[in-house]
Amino acid sequence: NAKEQGRNGFRFVTREMGAKSRERMDLEGSLRRAIREGQLFLVYQPQVDTLTGRIVGLEALVRWRHPEEGMILPGRFLPVAEETGLVLAMGDWVLSEACAQIRHWRTRFGLSIPVAVNVSGAQFRDGQLPVKVARALDANGLEGPELEIEVTESTLIDDVEAAAETLAALKRRGVLIALDDFGTGYSSLSYLHRLPIDKLKIDRSFIHDLSTGASDASVPRAIVGLGRSLGLSVIAEGVETQEQLQLLRDLTCESYQGFLFSRPVPAEEVERLLETVTAVEPSPAG
Ligand code: C2E
Ligand code: MG
Ligand code: MG
Ligand code: MG
């Protein structure tokens, strides 16, 4: 009967919740260990010029090589990292790893394109971010524009005044600023022109809609126009098909990233890509 079912249902729910919070605590403990024991690594996704097909940037994305479970994507551990504050230690590691990699690539391959690093809300609001960024750059002899910091609109909108100060401090050190997942947040256009932002990243949901017929191109078109009028560069995320790329060219969106060109790949594979690009580069004489 219903009463019996209700009791069973209740027992079932509590057992589920117990399992969930246990899993969460396990995850917290093993993530703490992962940071300490070097189980995190970075993969890099090329950003490409829509017209020339040249690589114009790279985005660093964190991965976790779990000893038993294999590779874990940030979607599974970032929420826990954010709730527990572990995202700060993780973010420190990401920054110094990315900067060390940039230095290596500059020395070895003459890399001249920026590498983007994602920063979550907690890292951005921590107050230490500009100092930490400066330290990571200094430690690797970098000037600043080699590094791009990606933040989301929702990170900025919480406290626009504080955000403006943090962004200004980052800009003083020379780094580039990109607004990630643009168009999905509050999109309060009033703050955009007041903040020192270099680049808008059109969220991949709008790019996905481009080819499904679920929506027209009005949002990407509007973002490209906004970027142009504010003097910002615009990149489309999540480009998977040739059709989407062609639509972006038609919209005069200057760059894109997505599985169509490349998935995020380990550093060694980036080196192969860079070597290929260097190999086909015309010599200064020719
Ligand atoms: P994001 O910064 O917007 O990164 C783009 C995500 O889209 C990445 O997922 C990437 O693998 C995926 N992607 C790229 N091209 C395509 C495509 O053509 N189709 C589809 N379906 N997906 C594509 P990933 O690596 O799982 O990262 C998810 C999110 O986790 C990132 O979104 C970012 O917000 C966060 N994240 C990643 N790495 C870091 C990090 O080092 N620190 C912080 N704080 N957050 C990070
Ligand atoms: Mg990003
Ligand atoms: Mg994004
Ligand atoms: Mg995202």
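Tutor: Start with the spacing along the chain. The donor residues of the magnesium ion (ligand 2) follow the pattern E-x58-N-x31-E-x29-D. Donors here are N, O and S atoms within 2.8 Å of the metal, or 3.2 Å for Na, K and Ca; water is not among the atoms, so a site may look incomplete.

Some ground rules come next. This is a predicted model, where local features need pLDDT of at least 70 and side-chain atom pairs count only at pLDDT 80 or more, while totals for chains, interfaces and linings use all residues. Residues are numbered from 1 along each chain as written, chains are lettered from A and ligands numbered from 1 in the order written, and side-chain values use heavy atoms, without hydrogens and water.

Now put names to the pattern. Glu59 (OE), Asn118 (OD1), Glu150 (OE) and Asp180 (OD) coordinate the magnesium ion (ligand 2), at 2.0 to 2.2 Å.

Asparagine 118 counts as partly exposed, because its value is 26%. Buried means under 20% relative accessible area, exposed means over 50%, and partly exposed lies in between (1.4 Å probe, protein chains only).

Now turn to ligand 1. There are 24 residues around ligand 1, and Arg63, Asn118, Asp180, Glu240 and Phe259 come nearest. A residue counts as near if one of its heavy atoms lies within 4 Å.

Look at the polar contacts. Each is a pair of N or O atoms within 3.5 Å; within protein, one must be able to donate a hydrogen and the other to accept it, and residues adjacent in sequence count only if both atoms are side-chain atoms. A side-chain N or O atom of arginine 63 is 2.8 Å from an oxygen atom of ligand 1. Aspartate 180 also places a polar side-chain atom 2.8 Å from an oxygen atom of ligand 1. For arginine 204, a polar side-chain atom lies 3.4 Å from a nitrogen atom of ligand 1. Taken alone, ligand 1 exposes 800 Å², and the protein buries 83% of that. Those areas come from the Shrake-Rupley method with a 1.4 Å probe; for residues, only the protein chains shown count as cover.
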